Amino acid sequence: MHVIYGGTFDPIHHGHLRLALEIADALAVTKVHLVPCHIPPHRGSTGASSEQRLELIQLAIEGEPGLRVDDRELRRAGASYTADTLRQLRQELGPDEPLVMVVGTDAFAAFDRWREWADIPGLAHIVVVKRPGSDLPVGSEAARLVRERRADGPEALSSAPCGAVLELDPPLLDISATGIRQRIADGRSPRYLTPDSVWQRIQALGLYGACPAGNF
């Protein structure tokens, strides 16, 4: 089973990392692939460049065998669309390998506004991570997909290459990249919200308004 977890990771933090490992445990896989997007189609520009975000992810997962970074979207020109990434992965993996994409309920609620969203269940399984205070709107396409394609458990994802929707409710760390960026811009330390190696590099690069001489 090939599992991908995408996002802007601007910057990557312990919430992202812990969730990725929780997903690996829940699905009984040895690796989760983090897929940073190049140009997010549904939000403004990122605070760090694609190259800088990739470097921070590589620092964050150093020494963790359960996490890998997949930079294919950063190497692809233009906006990053999930359907394009899944098609490329499906070509590489073949028609029979289970492919799983991870998405939070907040993003999945707007699933029918994604480009070529109707093609996605034919390319991959979808794991929807429940987030506090973010429910799927009643009557939405996202809610319909969960209802019609609901998987009974993680083991169901191994029996087919795509098509199922599994809801998971793992423990989540209440950390946001937006909050980290604001904290740094305000001159406050984000230590223990993100790995020390990431914070040190943010300071060295002066990202998000960080002072290179800032303290931990």
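How many bridges join strand β1 to strand β4? The two strands, residues 2–7 and 99–104, run parallel and are joined by 4 bridges, where strands (E, at least two residues) and helices (H or I, at least four) are DSSP runs numbered from the N terminus, and two strands pair if DSSP finds at least two bridges between them. Within β4, V102 is the bridge partner of Y5.

This is a predicted model, in which local features need pLDDT of at least 70 and side-chain atom pairs count only at pLDDT 80 or more, while totals for chains, interfaces and linings use all residues. Residues are numbered from 1 along each chain as its sequence is written, and side-chain values use heavy atoms, without hydrogens and water.

β1 and β4 belong to an open sheet of 6 strands with parallel pairing, in the order β3-β2-β1-β4-β5-β6. β3 (67–69) and β6 (165–168) each have a single partner strand, so one side of each is left without a neighbour in the sheet. Helix α3 (82–93) lies across β1 and β4 and runs at about 155° to β4, with contact meaning heavy atoms within 4.5 Å and angles, from 0 to 180 degrees, taken between N-to-C directions of axes fitted to C-alpha atoms.

| Class | Residues in lining |
|---|---|
| nonpolar | 22 residues |
| polar | 13 residues |

Technical notes
Ala, Val, Leu, Ile, Met, Phe, Trp, Tyr, Cys and Pro count as nonpolar, Asp, Glu, Lys and Arg as charged, and the others, Gly among them, as polar.
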